[in-house]
Amino acid sequence: MNTDPIADFLTRIRNASSARKKVVEIPASNMKKALTQILFEKGYITNYKFEDDDKQGMIKIALKYNASTKTPAITQLQRISKPGLRKYTNSEELPRVLNGLGIAILSTSKGVITDKEARKLNVGGEVLCYVY
């Protein structure tokens, strides 16, 4: 039993990219699927695939690397809100990651979105993680 599935998701991606793996498999959940779609839309991963089996299902994520230097596209994944200490923010105090170069992923009433989308929609929520 995993107490923090989002931290496990981020750690699996972090470990696979530091080991220069091409694909990482992660047990699926709706929250992890939403996080994966945001990482794909923002260009941090090459591709992803949701595989359903009779149980939980799996997410296969193709990691992205720089072609010339072979460095990972994701330099840092940082978990912010944890099960023991939740971090919430309102629409006026949304975090700006690396002066706008990175993204903060939030869980809001409008769904799982980035900090830039939350500013447009003028909503706050739980700050899940920073990606840069």
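Predicted model: local features only at pLDDT ≥ 70, side-chain atom pairs only at ≥ 80, totals over all residues.
**Ground rules**

I number residues from 1 along each chain as its sequence is written, and I leave hydrogens and water out, with heavy atoms used for side-chain values.

**Entry 1: the three-stranded sheet**

I took helices (H or I, at least four residues) and strands (E, at least two) as DSSP runs numbered from the N terminus, and I called two strands paired if DSSP finds at least two bridges between them. I then looked up an open sheet of 3 strands, which has the order β1-β3-β2 with antiparallel pairing. Its edge strands are β1 (23-27) and β2 (45-51), each of which pairs on one side only. Neighbouring strands in this sheet are turned by 20° against each other on average, direction ignored; for such angles, axes are lines fitted to C-alpha atoms, for helices over the stretch in contact, and the values run from 0 to 180 degrees between N-to-C directions.

I followed the pairing of β1 with β3 (residues 58-63), which is antiparallel and extends over 5 bridges. Within it, V23 stands opposite A62 of β3.

**Entry 2: the helices on that sheet**

I next asked which elements helix α2 touches. Helix α2 (residues 30-41) packs on the sheet and touches β1, β2 and β3, and its direction makes about 155° with that of β2; contact here means heavy atoms within 4.5 Å. Helix α1 (residues 5-18) lies across β1 and β3, and runs at about 165° to β1.

I also compared the two helices with each other, and found that their axes come within 10 Å and cross at roughly 40°. The pair α1 and α2 is therefore oblique, on a scale where angles under 35 degrees count as roughly parallel, over 145 as roughly antiparallel, 65 to 115 as roughly perpendicular and the rest as oblique. Their crossing is right-handed, meaning that the near helix is turned clockwise from the far one by less than a right angle. On the α1 side the contact is made by P5, I6, F9 and I13, and on the α2 side by M31, K32, L35, T36 and L39.

Not counting residues up to four places away in sequence, A28 touches K33, Q56, G57, M58 and I59. I also took the C-alpha separation of A28 and A73, which are 45 residues apart along the chain, and it is 22 Å.

R20 sits in the loop between α1 and β1, and its phi is near 60°, a positive value in a residue other than glycine. With a relative accessible area of 46%, R20 is partly exposed.

**Entry 4**

I moved on to β6 (103-108), which is mostly covered, with 5 of its 6 residues buried. Strand β6 pairs in the antiparallel sense with β7 (residues 111-114) over 4 bridges, and a hairpin joins these two strands through 2 residues. In that pairing L106 stands opposite I113 of β7. β6 is also joined to β8 by 6 bridges, again running antiparallel, and here the bridge partner of S107 is E126.

**Entry 3: S91 and N122**

I placed S91 in the loop between β5 (88-89) and β6, and with a relative accessible area of 18% it is buried. Leaving aside neighbours within four places in sequence, S91 is in contact with N122, V123 and G124. The side chain of S91 makes a polar contact with the side chain of E92 (3.1 Å) and another with the side chain of N122 (3.1 Å). I use polar contact for a pair of N or O atoms within 3.5 Å; within protein, one must be able to donate a hydrogen and the other to accept it, and residues adjacent in sequence count only if both atoms are side-chain atoms.

N122 itself lies in the loop between α3 (115-121) and β8 (125-131), and counts as exposed at 53% relative accessibility. I recorded a positive phi of about 55° for N122, although it is not a glycine.

Terms used:
Buried < 20%, exposed > 50% of the residue type's maximum accessible area, 1.4 Å probe, protein only.
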